[in-house]
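Take a look at the protein below.

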Amino acid sequence: MGAPLVTVAIVARTVAQLWGKPLLGVNHCIGHIEMGRLITKANNPTVLYVSGGNTQVIAYSQRRYRIFGETIDIAVGNCLDRFARVIKISNDPSPGYNIEQLAKRGKRYVELPYTVKGMDVSFSGILSYIEEAANKMLSADQCTPEDLCFSLQETVFAMLVEITERAMAHCGSQEVLIVGGVGCNLRLQEMMGVMCQERGAKLFATNERFCIDNGAMIAQAGWEMFRSGQVTQLEDSWITQRYRTDEVEVTWRD
């Protein structure tokens, strides 16, 4: 993603100087969080951020979005997308969406590695296991592609629900907000909703219009930064592919 970031940064710097407008550098994850908070009206939720490039459990404290748990290797969306290629699932409209639809027709649960390490999760081992098992089991008619999609979703989503619930317990939170591209998966929302109901908590989630990457979420986060007095100086307007969520001072929240 380095090349697109550099391109947009050049355009933003140019426009800011030509039109005399303030420049603001926005953290991608915080864009997702602030859009989710705006749309759902969640007050102070524990956030599950799940996408093709990120998997984090986050909660706000003392002017920072603190990361309570995350993936130690690949993101959950990356795991789903790579498995879609293994069983030749179409990219139209997206691999994750097509896995979700096939999973609805799955009837047999195939046991997969369940890898939760404290507050962190790991998906690379699950992916390696199901990649190898898929060819063998499908060739032997032991299961269907729908069964494998169902099993993968159930396993990785259960892991995400577990670490989210643990973060809620630690923070005393009664709200969960799911953001990021994988967040529009209805099965993930359903599983998280069951957990919230059992805890007497409330789930906040949106559809693909606000879950997937979009310019509006960056504008919303930029607006929150600007109205609280934040402006990025031209000499500080570099780009980074590893701009962590907890590096940003959240000046617009109490």
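This is a predicted model: local features need pLDDT of at least 70, side-chain atom pairs count only at pLDDT 80 or more; totals for chains, interfaces and linings use all residues.

Now the overall build. The protein chain has 9 helices and 7 strands. Its radius of gyration is 19 Å, close to the 18 Å that the globule rule gives for 254 residues, so the chain is as compact as a globular protein of that length. Along the principal axes, the C-alpha atoms fill a box of roughly 65 × 40 × 30 Å. Among contacts with a separation of 6 or more, 76% join residues 24 or more positions apart.

Next, the inside. Of the 254 residues, 46% count as buried. The largest nonpolar core holds 46 residues. Val 50, Phe 83, Phe 123, Cys 149, Leu 152 and Met 192 touch the most other members. Several elements each supply at least two residues of this core, including strand 1 (46–50), helix 3 (76–86) and helix 7 (186–199). Helix 6 gives the largest share, 11 residues. A second, separate core has 18 residues, among them Val 47, Leu 177, Ala 221 and Met 225.

What does Phe 123 touch beyond four places away in sequence? Its partners include Thr 55, Asp 73, Cys 79, Val 156 and Leu 160.

Met 1, Leu 5, Val 6, Ile 10 and Ile 239 make a nonpolar patch of about 450 Å². Leu 5 lies in helix 1 (residues 2–19). With a relative accessible area of 34%, Leu 5 is partly exposed.

Notes
Residues are numbered from 1 along each chain as its sequence is written. Side-chain values use heavy atoms; hydrogens and water are left out. Patches are made of residues with over 30% relative accessible area and no salt bridge: like charges are joined within 9 Å, nonpolar side chains (Val, Leu, Ile, Met, Phe, Trp, Tyr) within 5 Å. Accessible areas come from the Shrake-Rupley method with a 1.4 Å probe; for residues, only the protein chains shown count as cover. A salt bridge is a side-chain nitrogen of Lys or Arg within 4 Å of a carboxyl oxygen of Asp or Glu. Helices (H or I, at least four residues) and strands (E, at least two) are DSSP runs, numbered from the N terminus. Buried means under 20% relative accessible area, exposed over 50%, partly exposed in between (1.4 Å probe, protein chains only). The radius of gyration is taken over C-alpha atoms; the globule rule is 2.2 Å times the number of residues to the power 0.38. Contact means heavy atoms within 4.5 Å. A nonpolar core is a set of buried Ala, Val, Leu, Ile, Met, Phe, Trp, Tyr and Cys residues joined through side-chain atoms within 4.5 Å.
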